[in-house]
Amino acid sequence: MMRLATVGDNCVDIYPQLNKAFSGGNAVNVAVYSRRYAMQSACVSWVGDDAYGALLKRDLLQQGVDISHLHTKAGVTAQTQVELRDNDRILGDYTEGVMADFTLTNEDLAWLNGFDMIHSAVWGHAESALPALKAAGRIVSFDFADKWENPLWQSLPPHLDYLFASAHVESAWLRDRLQTVVECGAGVAIATLGENGSLAWDGKQFWRMPPEPVSVVDTMGAGDSYIAGFLCAVAAGLPIVKAMQQGSCCAARTLRYHGAW
């Protein structure tokens with residue numbers, strides 16, 4: 001089995017309505033969800049020297065994620081206020097904390113080269129490291145989420161094997177966007193579409209996958225779990241359609257409870 005390292009954002013999702021806080025963030029979530037498929041995973045990030053940082057590290061250890069390069073810095077851990085409306089998560093105020101200054105050290109980069117797959121996201125502050133990791137033979141994936149106007153769309157696709165983003169529905173504009181980024185060098189471009197499933201373009205054809213029927217409790221982490229399921233299928237040598245199917249299955253499992261995991 002391949003080994004996966006996730007790099008970048010973490011946060012604690014705070015639900016005032018539930019009086020609870022859950023560990024999360026794209027890099028953290030993908031690392032945890034990949035453990036569902038027995039993937040060896042690690043998370044490279046920064047947390048603060050506060051109670052939330054200790055919570056995040058403890059939770060990741062309990063999930064079997066390698067946190068040897070999850071560094072503690074003086075300051076506060078990233079936090080997101082979350083409101084639930086009809087079981088959909090609405091993100092409120094965000095405090096980036098120590099992650100605002102996140103950088104990878106030379107030691108981090110050398111360590112990452114020992115992994116087969118590297119995943120990061122648009123909030124992760126890790127994009128400058130991805131070209132070198134890709135050139136060194138790593139399989140690189142990146143999540144743009146719903147940030148369709150981010151300038152990284154122009155520079156990053158040639159250095160990505162798998163590019164993820166989220167939209168609401170399939171459209172001519174979306175199909176054109178996925179085709180364009182693959183023409184610019186990305187390997188496969190995948191859009192998650194919430195209740196409308198997912199869409200992928202591999203440079204030759206479009207692939208579509210409906211969502212698994214599920215009673216939704218909380219949408220937090222659904223997109224990240226899709227990514228983890230997809231990447232673990234790829235690591236197991238499965239084709240795109242099977243990877244999309246596994247991504248949908250992983251997301252459906254996440255939708256059944258509060259918090260990311």
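The legends below describe close-up views of a predicted model.

Local features are given only where pLDDT is at least 70, side-chain atom pairs count only at pLDDT 80 or more, and totals for chains, interfaces and linings use all residues. Residues are numbered from 1 along each chain as its sequence is written, and side-chain values use heavy atoms, with hydrogens and water left out.

View 1. The structure holds 0 disulfides, a disulfide being a pair of cysteine sulfur atoms within 2.5 Å. The closest cysteine sulfur to that of Cys43 belongs to Cys11 and is 11 Å away, which is too far for a bond. Cys43 is buried, at a relative accessible area of 0%, whereas Cys184 is partly exposed, at 46%. Here buried means under 20% relative accessible area, exposed over 50%, and partly exposed in between (1.4 Å probe, protein chains only).

View 2. Strand E12 (residues 198–201) and strand E13 (residues 206–209) run antiparallel and are joined by 4 bridges. Two strands pair if DSSP finds at least two bridges between them; helices (H or I, at least four residues) and strands (E, at least two) are DSSP runs, numbered from the N terminus. Ala200 stands opposite Trp207 in E13. The hairpin has 4 residues between its strands, and Gly203 takes a positive phi near 95°.

**View 3. Tyr15 and Phe22, an aromatic pair.** Rings of Phe, Tyr and Trp (its six-membered ring) pair if their centres lie within 6.5 Å; planes under 30 degrees apart count as stacked, over 60 as edge-to-face and the rest as tilted. By this rule there are 11 aromatic pairs. In the pair of Tyr15 and Phe22 the ring centres are 5.2 Å apart and the planes stand at 85°, so the pair is edge-to-face. Tyr15 is buried, with a relative accessible area of 1%, and Phe22 is buried, with 18%.

**View 4. Trp148 and Trp173, an edge-to-face pair.** The centres of these two rings, Trp148 and Trp173, are 5.2 Å apart, with 70° between the planes. Trp148 lies in the loop between strand E9 (139–143) and helix H5 (152–155), and Trp173 in helix H6 (residues 172–183), so the pair ties together parts that are 25 residues apart in sequence. Trp148 counts as buried at 11% relative accessibility, while Trp173 is partly exposed at 46%. Ring pairs link both into a cluster with Phe142, Phe144 and Trp153.

**View 5. Arginines over rings.** A charge sits over a ring if NZ of Lys or CZ of Arg is within 6 Å of the ring centre and within 35 degrees of the ring normal. The charged end of Arg177 is over the ring of Trp153, 4.4 Å from its centre. Arg3 lies over the face of Phe115, 4.0 Å from the ring centre.
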